[in-house]
Amino acid sequence: MRFGSASFYKRMLSIALPVMAQLFIQNLVSLIDNFMVAGLGDIKMSGVNVAGQINFIMLVLVNGVLCAGGGIFMSQYKGAGDKGGMRHVFSYKLIVTLVPAIAFTLFCATHPAPVLALMVRGNAAAQEIVAQAATYERVLAWTWIPFAVSVSISSSLRETGEVHVPLIISVTATLVNTIGNYILIYGHFGAPRLEVIGAAVATIIARTAEMIAFIVYIVVKKPDFVGTVRDILSVRHKLAYTILAKSAMIAVSELSWVFSETVATALCNSRGGAEIVSGMAAGFTIANLFFVSLSGIYTATGVVMGMTLGAGKLDSVREQKAWITNGAFVFGIFVMLLGFASTLFIPLVFVNLSSAARAISRGVVFSMAAYMPLWCLLNAQFSISRTGGDTAMGAVVDLTVTLVIFMPSMFVLTYFTTLGPVAMYAIAKLSDLGKAVVASLWLRKEKWLHNLAAENAVGA
């Protein structure tokens, strides 16, 4: 195994750690939110988390597909010093994230119940859970438009190497959300007791404040990707088409994964009552604390390798590929050990959940932690491929393994065994070993080795 120098990993960590810190604090606040909602009982916590599973689809679409497609070009344009290209990419991001955000807002604010019901089919408490989920979702719907603006700005800042400002702004917003939850869920300081609606209102306040802070920052500081209002409202059609073509492949990859996870969750939820839904949700909430390592690896790889590719240093980027994949696997071992240790805190954090729900959450966290070395490696492989413009790899690998192995495994284990939800999910996830092998062989072909900034030059 080949590893890079200490200075190389120091540079990677200087980008990855602020991103990880930002997401860690956000997920820690989400854990606190779950702790607060858990005090309302299994049914209401299950309702909030079922809504969260639907919102996860939108989150991945905006952040993991639409912004990621533009991010491939943003980091390379930064390396090439092409300000015009950076501005067109930013305009593209704003347009393609706001359109689905508006549509999703209108849908969730009006008729979310039928879709939410699909997530708890077969659950003994389905009717009560859906009622709580729909109540929460109708209010939360109004957070998606400010979220789209914020993520377009924050992702652009990270892709150009500015990772500390998004950290400060997002952490502040999550603290606002936590304080809002404390006040509005239970009615502290004279406020009305709004329960699940209070959690949604607090999120609206936090995301609106976050959006305003990001807008103020780019207006004052004027980073390279921000031009005039006319620039923001325009984007080169040829460049937009190229980005959309790359994004389409990312969409196939990410949405096939999201769809499979959503179906898998629904199958797991069918194994019992509210204790299954709340226990799985609590476990994933804790697991998200160490999943931040995946975003850190993805972002750092995109920035470092993207700028190297944009500068035309192809030999250097070949070396970086090996350094990053090997380093990611070792880093995943460290994260795995932290994940195992985190199971000790479940009885303390989720004391209000039933003992059955807490047992399920422990199993979820332990099994997720065991997969972290593999998932860190996979994340690095996918990021390397996408940074160089080869978005087909992720689409082919994800779609094939998901449809041929993972999904059939989940259905077989659900309908032909008596295994519990944690065991079902952990066994089916062995399919990710196949993804890593295929991705490794694919990367050797070097279809990802492209200077996209030179191929799609815009100019100042």
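Tutor: A residue is called buried under 20% relative accessible area, exposed over 50%, and partly exposed in between, with a 1.4 Å probe and protein chains only as cover. By that scale Val252, with a relative accessible area of 30%, is partly exposed, and its place is in helix α10, where helices are DSSP runs (H or I) of at least four residues, numbered from the N terminus. The model is predicted, so local features need pLDDT of at least 70 and side-chain atom pairs 80 or more, while totals for chains, interfaces and linings use all residues. Residues are numbered from 1 along each chain, and side-chain values use heavy atoms, without hydrogens or water.

Val252 belongs to a nonpolar patch on the surface, together with Met249, Leu399, Leu403, Val404 and Ile405, and the accessible area of these residues together is about 470 Å² (Shrake-Rupley method, 1.4 Å probe; patch residues have over 30% relative accessible area and no salt bridge, with nonpolar side chains joined within 5 Å; a salt bridge is a Lys or Arg side-chain nitrogen within 4 Å of an Asp or Glu carboxyl oxygen). Two elements, α10 (237–269) and α16 (392–416), each give two or more residues to the patch, and α16 gives the most, with four.

How values were computed
Patches are made of residues with over 30% relative accessible area and no salt bridge: like charges are joined within 9 Å, nonpolar side chains (Val, Leu, Ile, Met, Phe, Trp, Tyr) within 5 Å.
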